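Biologist: I am new to this structure and would like to learn how to read it with some care. Could we begin with the ligand and then turn to the backbone?

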Amino acid sequence: MSNTFTKHTDRQNLTLCSDAEQASIYTARQIADVILEKQKQGERAILGLATGKTPIKVYQELIRLHKTEKLSFHNVISFNLDEYYPICSKSIQSYSYFMQHHLFGHVDIQPGNIHIPHADCSSDRIPFYCTDYEEKIRSFGGLDLQLLGIGRNGHIGFNEPGSSFDSTTRLVDLHALTRKDAEGDFGTIENVPYQAISVGIHTIIKAQKIMLLAIGKDKSQIISKALRGEISTEVPASLLQTIPHVEFILDRDAAALIGD
Ligand code: PGA
């Protein structure tokens, strides 16, 4: 891909792309390669998927590969990172709806292979569902690939600042900036849920391969902190500096402040 170059440093695998489109196409290709490699081996591909604005173009490219290059999702088992709590899974702000709308409704994934944290359950069922979610991931042998975005406060999934590095799936309180960034989706800030169910940081880093995608200048400051700053629970994504199987895929704008 002419506009993409990959730069490996001692600390990090960085893939720098000219723009959002190149970054998304590159990311989709990596995901497709995992699916195809597993198909060749007659195995299932266990994918950890993300929501938000960042992966939308990635999913568009995966749909294109499905429709024009016959990429099949038949062997894909998916686990989404998070879901607002409480929310009805049919609500258009839910991540269940998002995934159906942006990916699952357009490819041949088997509905029974889709997993999204269950957020229309009663609060006393949450611990059960969280343990069950972890158990399900384990039962498939863990995630082959985890796709991540990054929040402007450094969250990965909804692991907000202060999240423990050994956290697993649980109910979390949403950070004020996260709620503010979601305001557009919910119409008013009052409508944005205060909580979510999120897989933990420990759950994420156990994946065989992690791809963190960041696009746009709104992400440049947090990317600089996460990749070049101190490793701290205050910037959850900073932990990824220490994990060798992470690839950071950045467009030019998101990479603007990281220097050489
Ligand atoms: P965004 O969210 O893609 O909508 O910027 C990223 C995230 O919160 O992980």
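Modeller: Let us begin with a contact, keeping in mind that this is a predicted model. An oxygen atom of the ligand lies 2.6 Å from an N or O atom in the side chain of His155, and the protein covers 77% of the 280 Å² of accessible area that the ligand has on its own.

Biologist: Which residues are around the ligand, and how do they divide into nonpolar, polar and charged?

Modeller: The residues around the ligand are Gly52, Lys53, Thr54, Gly149, Ile150, Gly151, His155 and Lys219, and this shell divides into 1 nonpolar, 5 polar and 2 charged residues. The space that the ligand takes is the largest pocket.

Biologist: How should I read a helix, and what span should α1 have?

Modeller: An α-helix has 3.6 residues a turn, so residues three or four places apart point the same way. Helix α1 covers residues 20-40, and its 21 residues, at 1.5 Å a residue, should span 30 Å, which agrees with the 30 Å between its end C-alpha atoms.

Biologist: Is the peptide bond from Tyr85 to Pro86 cis or trans?

Modeller: That bond is cis, with omega near -10 degrees, and Pro86 has its place in the loop between β5 (82-85) and α3 (95-102).

How values were computed: Residues are numbered from 1 along each chain as its sequence is written. This is a predicted model: local features need pLDDT of at least 70, side-chain atom pairs count only at pLDDT 80 or more; totals for chains, interfaces and linings use all residues. Side-chain values use heavy atoms; hydrogens and water are left out. A residue is near a molecule or strand if one of its heavy atoms lies within 4 Å of it. A polar contact is a pair of N or O atoms within 3.5 Å; within protein, one must be able to donate a hydrogen and the other to accept it, and residues adjacent in sequence count only if both atoms are side-chain atoms. Accessible areas come from the Shrake-Rupley method with a 1.4 Å probe; for residues, only the protein chains shown count as cover. On a 1 Å grid over the protein atoms alone, a cavity is a set of points where a 1.4 Å probe fits but cannot get out, and a pocket is an open set with protein on both sides within 12 Å along at least five of seven lines; lining residues have an atom within 4 Å of a point. A molecule sits in a cavity or pocket if more than half of its atoms lie within 2 Å of its grid points. Ala, Val, Leu, Ile, Met, Phe, Trp, Tyr, Cys and Pro count as nonpolar, Asp, Glu, Lys and Arg as charged, and the others, Gly among them, as polar. Helices (H or I, at least four residues) and strands (E, at least two) are DSSP runs, numbered from the N terminus. The expected span of a helix is 1.5 Å times one less than its number of residues.
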